[in-house]
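Please find below a short note on the structure under review. It is set out as numbered points for a reader who is new to the subject.

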There are 2 protein chains.
Amino acid sequence: MINDIFFHAHINEHIFYEIKKERTVVGYYDLPLTDITYLSRLDKFHQKHIVVVGIGGSSLGAKAVNTFLSYKKHTKRTLHFLETTDPITLKSALDQIDLNDSLFVIISKSGRTIETISIFKYILSLKPFNKQDFVFVTDMDSPLFKLGLQEGIETFYIAKNVGGRFSVLSSVGLIPLYLMGYDISELLRGARDIRNSFFDENTQIKESLLKKASFYAEHMLHYNINALFSYSELFRDFNAWYVQLWAESLGKKQLNSQLNVGLTPVGLIGPTDQHSFLQLIVEGPKDKTVTFLKIDNFNDTTKIPDKNLKYLESLNLLNNIEFAQLINMQADSIIENLKNRDVPLDIIQIDQASIYHIGELFYYYELLTSLTGKMLNVDTYGQPGVEEGKKILKTKLSTSISSLRFVAR
Amino acid sequence: MINDIFFHAHINEHIFYEIKKERTVVGYYDLPLTDITYLSRLDKFHQKHIVVVGIGGSSLGAKAVNTFLSYKKHTKRTLHFLETTDPITLKSALDQIDLNDSLFVIISKSGRTIETISIFKYILSLKPFNKQDFVFVTDMDSPLFKLGLQEGIETFYIAKNVGGRFSVLSSVGLIPLYLMGYDISELLRGARDIRNSFFDENTQIKESLLKKASFYAEHMLHYNINALFSYSELFRDFNAWYVQLWAESLGKKQLNSQLNVGLTPVGLIGPTDQHSFLQLIVEGPKDKTVTFLKIDNFNDTTKIPDKNLKYLESLNLLNNIEFAQLINMQADSIIENLKNRDVPLDIIQIDQASIYHIGELFYYYELLTSLTGKMLNVDTYGQPGVEEGKKILKTKLSTSISSLRFVAR
C-alpha cells in the first residue's frame, strides 16, 4: 500500500505514544497476531449457504471482504446477510436460501440485539432448532452465549475489549470468511504489515496516518466532511464499513469539554460518482477532504475494441485502451482537477484486489480512526448516543404489548 | 404523501413565483403531463433481459424504481445496468446476461458519454450489431442519434430542456421501466398529484417544500449536510438518485457572488444505519438536517414468533409484533430521540411501496431541489464543474495513444 498526501500537515508525536499506550488496553490492535486455530472447529459444517444474522459491526466487515473478492468465485458456497427488520427485504433474502442446506451464523456482541434476535426467532419458526445448523458469535457470558452452551451450539466468543465496528479481524469477521474459504492468514498478514509499519518502523504509512489525523482533527470545523472516493465497484461495501467506523467512532461529546464533535464520512464510487457527487466537490463549499482509493493492477486486460462508429469518431481515442487503464486514468484526471482547486486530498494505492490488501486497508482505517479520535479527544470505542433510542423503543414495545393484550381480552 | 416539519421556518412567496416562471423554460416540470403513446414502439421487443447502458442520470432513476418494486416480481424480464469502466464489475454483470436474449438500451444525453460508448463498443465486440437488439435514447441530433438513424435503430430523443438528473420521468427513465412492464401511467399520476398540489393548491406539501427550501438555504453555513434516513432497504437506490440530484444541482458557484455554495446529501437506510451513522447524528456536531422517509403500510403481516428463548426473556416483548410494526417503531424511536436533541427534522410518509408513491417522491424531491437552488441563487441545471476533469482525461488518452503508437512502431 502506498499513501501520498497532498496537503500540509504536521506530525503530533505525542499522539503516537498515546496510541501505543492505548494498544495495551484496546483489543483490536493485536488481532492480527491472534492464534486462529480455533477456526478449525468450523470444518465439520458442510452446508452450501452461509447465512450471517447480524447488523452493523456484526456484518459490515465480512460483507466488505466478500464483495471485494466475490469475483474470484473460489468456492461453491454462497454468503448471505440477514440484518434488517424490513419484512419485504428479509423475505426476499430468505427466498435466495435453501433453509435445509444453510448454516446460520448468529452474531451479536451484546447477545441481545433486537434485529438479530427477532430474525433468529423468525428462522426458528421456519425450521427446527438443530444444533448442527447454527453457530453463535457473541460476548462471553451474554444471554446468547449462555443459550448456546445450554443447547450445545458451536459458540464462539468475542474478546470483551474488541468493539463491534473494530471486530472484522476477530471471530466476528473471520468465522464467516473462513466458512467461505477465504485465506484468513493472508487477511491477517496484510493487517499485520500495516501494524508493523506503524508501530515498529518509520514508514511513509506511519507519517501519512499521523499527518492525516492531525489535519482532520485540527480542521474539523472547516472540513467537517471526509469523502472516500474508491475507484471500483468492488469497494462498495468497504465504503459502508468505513462509514460506520468513522461516523460511530468520532461522532461524540468531547471528553473534556462535552462539546459535540465528529467528522462526517461519505463513501463514493468512481467513475459512477463522477456523474453525481463530483460536481459538489469541485464547485461546492470547501468543506470536504477527499481520499482516493485505487487498485493499481486489476489483472484484467479487457480492451475497448478498435471500432470506428460513424459520428462518434472523436471517441476513437478510447480504442485499444484497457478498461483497467481507463478507470485509473479517470481517477487521475479527477485528482489533477481537484489538486488545482485547493481540495485537501490524498491517494491510497493498493497493488491488487486481493485479501492481503483489504487486510491492509482495514488496519489502516482502524488506526486512522483511533488516531483521529485521540486528537479529537473523544471516547472512540463507545456509542452512548444510540442508547436513548433503544430505551424509547422498549417503552413503545411494552405499550404496544399491553394494548395488544387489552384488545385480546 | 404526508410531510411533517419539526423546525421553524418561514415561507418565501417570491420563490414560488420564480419557480412558476422557471416552469415555462425548464423541461422537467411538465413531464408528468406528457403523452406517452410513443412507448408502444417498444412492444415489438421480446427479449428476456433488458440491459441499460448508461451512467448517472441515465441509470439512477430507473434503478431506483426497479429496486423499490422488484419484490413484486410482476414480470419474467430482468433489468441490468452496465455503467462502470471497472473491468471486473463489467464482466461480472455481463456474466448474468444471455447476450442472445438481451435488448440493450443505450442511454446518453450527449450521445458521447465516455463510459457508455466504451461499454457499447465492447458489447459490439461480443455480438453482431443487429438493429433489433438495440434501442438508443439520446438528445436529438447527438452523434448517437445520428448513428441510430443511419443504422435503423429504434431511437428515442430526450427533450433538450430536460437535464440528466431530472430525466427519470422522461424517455430516459420511462423506456426501461415500460420494457419491464411497470405501470408508467401510475408513476406519472403520482408525480402529477404532487405537481398539482404544489402549483395549483395551497396544500401541506406546498408549505413544507417552501419552508424546507428556505431553511436549508438560509442555514447552509450552519447545516451543510442533509441526511435522508429511509426506513426500508427498498429505498437503497432511491437514496442514490437523491444524492445525485441534490449534490450535482446545488454544489455550484453562486450566480451573483461566485461564492462556492451547496449542500451535502447523505443517504441512510434504517434500521441498518442506526448501527452506524446514527451515533454521529445524535452526539456529533449539529451540522445536519435529517429527513425521515417511512412506508406506512408494508402490506406484510409477518410476525416475530411467540418464542421464548432461555436467557433472552427480556426480549419477549418482541414476540407477536409484526416486522412492519417493528421497523416503523424503530424509526419513531429515533425521531423522538432526535426531537429532544435539537436536530432539525421532518418526516415524509408514503402509504405503501407502490409505483404511484415513488412517482410522488421523485417530483417532490425535484421541486425541493429547484426551490433550494433558487434560494441559493445557483444554476441548478448545469454541471460545469465536471467538464475540466473530462478535458484532462482526453489529454491523457491522446498522450497514451501516441505512446502506444510509438511503442508499436
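The points below concern a predicted model and take up its symmetry, its interface, its core and its sheets in turn.

1. Relation of the chains. Chain A is superposed on chain B by a rotation of 180 degrees, with 0.0 Å of shift along the axis and an RMSD of 0.0 Å. The two copies are therefore related as by a two-fold rotation axis. Within chain A, Val266(A) has the C-alpha nearest this axis, at 3.6 Å from it.

2. The interface. Chain A contributes 100 residues to the contact and chain B contributes 101 residues. On the side of chain A that touches chain B, 46 residues are nonpolar, 32 are polar and 22 are charged. Because 100% of the interface residues of chain A are also interface residues in chain B, the copies meet through the same surface.

3. The nonpolar core. The largest nonpolar core contains 257 residues. Val53(A), Val105(A), Val53(B) and Val105(B) have the most contacts inside this core. Apart from its neighbours within four places in sequence, Val105(A) is in contact with several residues, including Val53(A), Val135(A), Ile175(A) and Pro176(A).

4. The sheet of chain A. In chain A, 5 strands form an open sheet with mixed pairing, in the order β1-β12-β11-β7-β10. Its edge strands, each pairing on one side only, are β1 (2-5) and β10 (264-269) of chain A. On average, neighbouring strands of this sheet are turned by 20 degrees against each other, direction ignored.

5. Strand β7 (residues 225-230) of chain A runs parallel to β10(A) and is joined to it by 6 bridges. Here Ala227(A) stands opposite Val266(A) in β10(A). Val266(A) is also the residue of chain A whose C-alpha is nearest the axis.

6. Helices on the sheet of chain A. Helix α9 (residues 236-250) of chain A lies across β7 and β10 of chain A, at about 175 degrees to β10(A). Helix α11 (residues 323-339) of chain A lies across β11 (288-297) and β12 (345-352) of chain A, at about 155 degrees to β11(A).

7. The sheet of chain B. An open sheet of 5 strands with mixed pairing is found in chain B, in the order β1-β12-β11-β7-β10. Strands β7 (residues 225-230) and β11 (residues 288-297) of chain B pair in the parallel sense over 6 bridges. In this pair, Asn226(B) stands opposite Thr289(B) in β11(B). Helix α8 (residues 204-218) of chain B packs on the sheet, where it touches β1, β7, β11 and β12 (345-352) of chain B. The direction of helix α8 of chain B makes about 45 degrees with that of β1(B).

How values were computed
Residues numbered from 1 in each chain as written. Chains lettered and ligands numbered in written order. Predicted model: local features only at pLDDT ≥ 70, side-chain atom pairs only at ≥ 80, totals over all residues. Least-squares fit on C-alpha atoms with pLDDT ≥ 70 in both. Contact = placed C-beta atoms within 7 Å. Core = buried A, V, L, I, M, F, W, Y, C linked by C-beta atoms within 7 Å. Buried ≥ 20, exposed ≤ 12 C-beta atoms within 10 Å, placed from the backbone. Nonpolar A, V, L, I, M, F, W, Y, C, P; charged D, E, K, R; others polar. Pairing = 2+ DSSP bridges. Helix = DSSP H or I, 4+ residues; strand = E, 2+ residues; numbered from the N terminus. Axes fitted to C-alpha atoms, helices over the stretch in contact; angles between N-to-C directions.
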